[in-house]
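Dear colleague,

I am handing over the structure below, and I would be glad if you kept it open while you read the notes that follow it.

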Amino acid sequence: MYRAELAWVTGLAGGELVGPIDIHCTEGVITSIEPAMAPAAVRLPGLVLPGFADAHSHVFHRALRGRTHAASGGAGNFWTWRDAMYEFADRLNPDTMYELAVAAYTEMVCAGITAVGEFHYLHHGAGGVPYSDPNAMGLAVTAAGARAGLAVTLLDVAYLAGGFSQPVGEIQRRFSDGSVGAWADRVAALPADLRTGVAIHSVRAVGEDALPAVVSTASGRVLHVHLSEQPAENEACQQFHGVSPTQLLARNGAITSRTAAVHATHLSPADIALLGDAHASIVMCPATEADLADGIGPARLLADAGAVISLGSDQHVITDPFAQARGLEYGERLATGIRGRFSPSELLHAATVSSHDAIDSPAGRLRVGASADLVAVRLDSARTAGSDPAQVLMSASAADVAVVVIGGRVVARDGIHVDLGDPGPLLGKAISRISP
């Protein structure tokens with residue numbers, strides 16, 4: 001049982017600040033929320049929020065932080081960054097993937113993130129040779145999540161081509177199963193007790209002839225896809241197929257309310273209408289989109305059209321759900337010259353409810369029957385002191401997360417994981433093992 005002096009409790013119309021309250025948990029689920037009465041309750045400081053979700057993660061990219069920001073000659077873009085990413089990917093095996101994922105997921109838990117959608121495409125060994133268990137890399141990731149206490153939705157990625165009608169390159173062989181049938185067979189062999197979804201890496205990596213089979217393999221699970229992150233992808237798709245990536249996906253049944261389109265940065269009005277009409281999820285990754293100079297996506301237009309906005313970290317350039325939420329609003333301000341395109345409550349909804357929904361996680365809400373994931377945020381730090389609690393998402397940082405409760409159990413306090421300790425040394429050791 002936990003005592004919250006102030007909490008954001010989810011209701012039918014969104015959420016509201018209430019308190020003090022006692023939150024009762026049984027077997028990892030919230031069983032009651034009542035006015036504060038119980039003297040034995042564990043007190044949570046500041047404002048209690050539901051656990052955040054990261055709806056789009058490439059966990060091994062955490063090793064790139066602080067290493068790719070100055071390309072040769074001082075300039076660069078998404079494509080030059082990608083070359084550095086390939087080099088790090090090629091150094092990983094199931095053991096080092098597990099160690100790095102444990103460390104990165106520990107950092108995420110300490111920041112208040114309680115569930116993640118792991119967009120997993122690093123499947124095989126050197127040269128694309130499968131491990132003795134073809135799912136060894138994916139299982140390393142899910143085991144790492146269990147070790148850190150983070151709920152993982154493994155989004156197994158189909159990656160079959162190196163570009164439109166081009167074979168995969170040598171460095172991409174580890175990502176590819178060779179055919180959509182082989183990919184589907186490997187996905188079918190994943191343990192039934194894992195929370196899984198499927199993913200299309202991009203329209204350049206999965207040809208139109210394979211798209212229907214990927215959609216069929218999803219079979220009620222969430223379907224994620226990198227969509228229109230770069231203008232070059234749009235131009236190549238238009239030239240090869242005569243339509244935009246969104247239109248290509250739509251004509252193959254891949255745009256539905258169970259679809260999560262990641263980035264969706266460079267869209268036409270027709271693309272926005274297709275995504276909105278389907279009530280698709282849109283996973284914005286503001287820190288990565290800024291870091292890679294991708295551009296600013298039309299988040300407000302998408303939301304107004306009927307799409308559901310959620311948030312992801314992508315390459316883990318920063319692990320801070322508050323900064324990601326602010327980044328969504330700040331991008332809108334920079335693009336339009338207007339403040340308040342997303343209210344603080346809308347940002348919180350995107351970072352919690354919508355992000356959990358996008359990865360089939362039952363958490364993200366403070367209400368009876370939801371997963372007992374609670375994040376206590378200090379209101380008396382140098383960053384938050386004087387803030388209106390209803391607007392704390394605009395002032396707090398991950399450093400203000402005082403207590404993280406997952407499944408009814410305290411897993412982190414003041415940036416330190418109760419089982420694994422300080423994530424910094426864990427990350428340093430894991431990254432050093434795969435560094436050149």
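**Cavities, a helix pair and aromatic rings**

The largest cavity holds about 180 Å³ of space, where a cavity is a set of points, on a 1 Å grid over the protein atoms alone, at which a 1.4 Å probe fits but cannot get out, and where a volume is the space filled by probe spheres set on the points, which are joined across faces, edges and corners. Of the 20 residues that line the largest cavity, F78, H201, R204, H226 and E229 are the closest to its centre, and a lining residue is one with an atom within 4 Å of a point. Please note that this is a predicted model, in which local features need pLDDT of at least 70 and side-chain atom pairs count only at pLDDT 80 or more, while totals for chains, interfaces and linings use all residues. Residues are numbered from 1 along each chain as its sequence is written, and side-chain values use heavy atoms, with hydrogens and water left out.

The elements that give two or more residues to this lining are α1 (78–89) and β10 (223–227), and α1 provides the largest share, five residues; helices (H or I, at least four residues) and strands (E, at least two) are DSSP runs numbered from the N terminus. By class, the lining of the largest cavity has nine nonpolar, six polar and five charged residues, with Ala, Val, Leu, Ile, Met, Phe, Trp, Tyr, Cys and Pro counted as nonpolar, Asp, Glu, Lys and Arg as charged, and the others, Gly among them, as polar.

The second largest cavity has a volume of about 110 Å³. Among the 14 residues lining it, A53, D54, I113, P321 and Q324 are the closest to its centre, and β6 (52–57) and α11 (321–336) are the elements that give two or more residues to the lining.

Turning to the helices, the axes of α2 (residues 94–110) and α3 (residues 136–148) come within 8 Å and cross at roughly 35°, the axes being lines fitted to C-alpha atoms over the stretch in contact, with angles from 0 to 180 degrees between N-to-C directions. By class, the contact of α2 with α3 has 14 nonpolar, two polar and one charged residues, contact meaning heavy atoms within 4.5 Å.

Finally, the structure holds seven aromatic pairs, that is, rings of Phe, Tyr and Trp (its six-membered ring) whose centres lie within 6.5 Å, with planes under 30 degrees apart counted as stacked, over 60 as edge-to-face and the rest as tilted. One of them, F60 with Y121, is edge-to-face, at 6.0 Å centre to centre and 75° between the planes.

With best wishes

Notes: On a 1 Å grid over the protein atoms alone, a cavity is a set of points where a 1.4 Å probe fits but cannot get out, and a pocket is an open set with protein on both sides within 12 Å along at least five of seven lines; lining residues have an atom within 4 Å of a point.
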